[in-house]
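Student: Could you take me through the aromatic ring pairs of this model in one connected account, and say where their residues sit?

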Amino acid sequence: HWSLTNSSNKISGAVAKTTLPSYVKWTGVVSPATEDVKYDPTTNEITWKIGTVLPGTGFGSTNRDVWFQVELKPSKSQVGSSVILIDKTTLTGLDTFIGATVNPSPRSAVTTRLTEDNTFILGNEKVVN
């Protein structure tokens, strides 16, 4: 799940990107289906072409959200550990007010330790045999 907010200036050409580790498979499930999310199997890169993000998105209006599904195919060497599902996520775009590229710090990798999920139970992040 990627969720985007924007407190100030209009952003155009916004794009979010991440890469899947070799042991994670893209399933092709994206919601909402109207969002422009693509997967490149040669680079394992997921790209969300967000486009325009209006000021106040997520502040007095709804966040811009997209969900996509991946499938974990761990190796025996990963049993007993938490593993990365998607690598760091980067975001770029153009602040149309000041005419500068925005490139906030990348978001941390997402692992099987899904603490943002209110149904997550500590210990369930570990790969089992």
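Tutor: A residue is called buried here when its relative accessible area is under 20%, and exposed when that area is over 50%. This is a predicted model, and by that cut-off Trp 2 is buried, as is Trp 48. A pair of aromatic rings is described by the distance of the centres and the angle of the planes. Across the whole structure, a search finds four aromatic pairs. One of them joins Trp 2 to Trp 48, and this pair is stacked, with 6.1 Å from centre to centre and 20 degrees between the planes. Because Trp 2 belongs to strand S1 whereas Trp 48 belongs to strand S5 (residues 45–53), the pair ties together parts that are 46 residues apart in sequence.

Another pair is formed by Trp 26 and Phe 68, whose ring centres are 5.7 Å apart and whose planes stand at 40 degrees, so this pair is tilted. Here Trp 26 comes from strand S3 (residues 24–31) and Phe 68 from strand S6 (residues 64–72), so parts that are 42 residues apart in sequence are tied together. Trp 26 has a relative accessible area of 15% and is therefore buried, and Phe 68, at 13% relative accessibility, counts as buried too. Ring pairs link Trp 2, Trp 26, Tyr 39, Trp 48 and Phe 68 into a cluster.

Conventions: Residues are numbered from 1 along each chain as its sequence is written. This is a predicted model: local features need pLDDT of at least 70, side-chain atom pairs count only at pLDDT 80 or more; totals for chains, interfaces and linings use all residues. Side-chain values use heavy atoms; hydrogens and water are left out. Rings of Phe, Tyr and Trp (its six-membered ring) pair if their centres lie within 6.5 Å; planes under 30 degrees apart count as stacked, over 60 as edge-to-face and the rest as tilted. Helices (H or I, at least four residues) and strands (E, at least two) are DSSP runs, numbered from the N terminus. Buried means under 20% relative accessible area, exposed over 50%, partly exposed in between (1.4 Å probe, protein chains only).
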